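Subject: Structure for you to look over

Hello,

Here is the structure I promised to pass on. Please open it beside this note, which goes through what was found.

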Amino acid sequence: MNADRPKKKKIVKTIQIDLDKCNGCRACEMACSTFHARPRYASNNPARSRVRVLFDPLRDLYVPVYAGDYAPAECCGRDRYTIEGKTYDECGFCRASCPSRDLFKEPDSGLPLKCDMCQEDPELKEPMCVQWCITDALTYVEREEEVEEENAAQPEELETGLEALADKFGLEKIAEAVARLAAARKG
Ligand code: SF4
Ligand code: SF4
C-alpha cells in the first residue's frame, strides 16, 4: 500500500459461517437463486445460487461456500483439510469459479457467478441467505477498513465479467461487440 495515496473508509461486508450449526437444509441456496432470478423471485434453481452447500450426511459434513472470484485456469496444487477429525474434500472450501468443476457457473451461459452480498437499493437489512438460515449458521458482519482511493474505485466486478467473456468468446469478438455498441450510442 502506498503511504502517500489518499485513504478513504470502506465498509467491508462479510458473512461468518459456523459449520457446526449448518444442517444442510439448503434454504440459503433457494433464497439466493430466487432473489437473483430475472424477473426477481420468478424462478428457483440452486444451480444459479451464489452460495452452494457441499454436504455429505454420512460424514456429517455441511459446508456453505460463497462464490468468489473467477479463475481462468485450474490451480496446480490442491489442499485437503482435516478439522476436528473430519476430512474435507479437495477444493471443499474453494470459492473460485474455475474450469475444474461446474460450481458457480450460470447454467445457461456458463458465465461465472459471484456473491454480490445482495446489493440492492434500498439496501437489504441482511443478505437473503442470512435471512433464511434459521439455524444461524450464517451471520452478517460489517467492519470498517481504510483503503487507498484508487483501489476503492477499481471496477473489479466489471473486470471479472470481461475476463470471463473474453475466455468464452475471444478478446477480438468482445472488442468488436464493444465497438459496435459505442458506434450505436454515438449514432
Ligand atoms: S440455510 Fe443455513 S443451515 Fe441451511 S444449508 Fe444454508 S447455511 Fe446451512
Ligand atoms: S449474500 Fe446474497 S448474493 Fe451472496 S450468496 Fe447470499 S443471497 Fe446470494
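Ligand 1 has 15 residues around it, and the closest are Cys22, Cys25, Ala27, Cys28 and Cys133. A residue counts as near a molecule if its C-beta atom, placed from the backbone, lies within 6 Å of it. Two elements give two or more residues to this shell: helix H1 (27-35) and strand S3 (61-66). Helices (H or I, at least four residues) and strands (E, at least two) are DSSP runs, numbered from the N terminus. By type, the shell around ligand 1 holds 11 nonpolar residues, three polar and one charged. Here Ala, Val, Leu, Ile, Met, Phe, Trp, Tyr, Cys and Pro count as nonpolar; Asp, Glu, Lys and Arg count as charged; the others, Gly among them, count as polar.

Two notes on the source. This is a predicted model, in which local features need pLDDT of at least 70 and side-chain atom pairs count only at pLDDT 80 or more, while totals for chains, interfaces and linings use all residues. Residues are numbered from 1 along each chain as its sequence is written, and chains are lettered from A and ligands numbered from 1 in the order in which they are written.

Now ligand 2. Of the 13 residues around it, Cys32, Cys115, Cys118, Pro127 and Cys129 come nearest. H1 and helix H2 (128-132) each supply at least two residues of that shell. H1 gives the largest share, three residues. The shell around ligand 2 has 11 nonpolar residues, no polar ones and two charged.

H1 turns up again in the interior. Its buried residues are Cys28, Glu29, Ala31, Cys32, Ser33 and Phe35. Buried means that 20 or more other C-beta atoms lie within 10 Å of a residue's own; exposed means 12 or fewer, and partly exposed is in between, with C-beta atoms placed from the backbone. The cover over these H1 residues includes strand S2 (51-56), S3, H2 and strand S6 (138-148).

The largest nonpolar core has 24 residues. Such a core is a set of buried Ala, Val, Leu, Ile, Met, Phe, Trp, Tyr and Cys residues joined through C-beta atoms within 7 Å. Cys28, Cys32, Val51, Cys129 and Leu138 have the most contacts inside the core. Strand S1 (7-17), H1, S2, S3 and H2 each supply at least two of its residues. H1 gives the most, with four.

What does Leu138 touch? Not counting residues up to four places away in sequence, Leu138 touches Ile15, Ile17, Cys28, Pro64, Cys129, Val130 and Cys133. Contact means C-beta atoms, placed from the backbone, within 7 Å.

S6 itself is hardly covered: one of its 11 residues is buried. S6 runs antiparallel to S1, and 11 bridges join them. Strands pair if DSSP finds at least two bridges between them. Ile11 stands opposite Glu144 in S6.

Last, the whole chain. It has five helices and six strands, in the order β-α-β-β-β-β-α-β-α-α-α. Of its 187 residues, 21% count as buried. The domain assignment, automatic or from a database, gives domain 1 (7-154) and domain 2 (155-187). Their C-alpha centres lie 26 Å apart. Eight residues of domain 1 are in contact with seven of domain 2. That side of domain 1 has four nonpolar residues, two polar and two charged.

Best wishes

How values were computed. Two residues are in contact if their C-beta atoms, placed from the backbone, lie within 7 Å.
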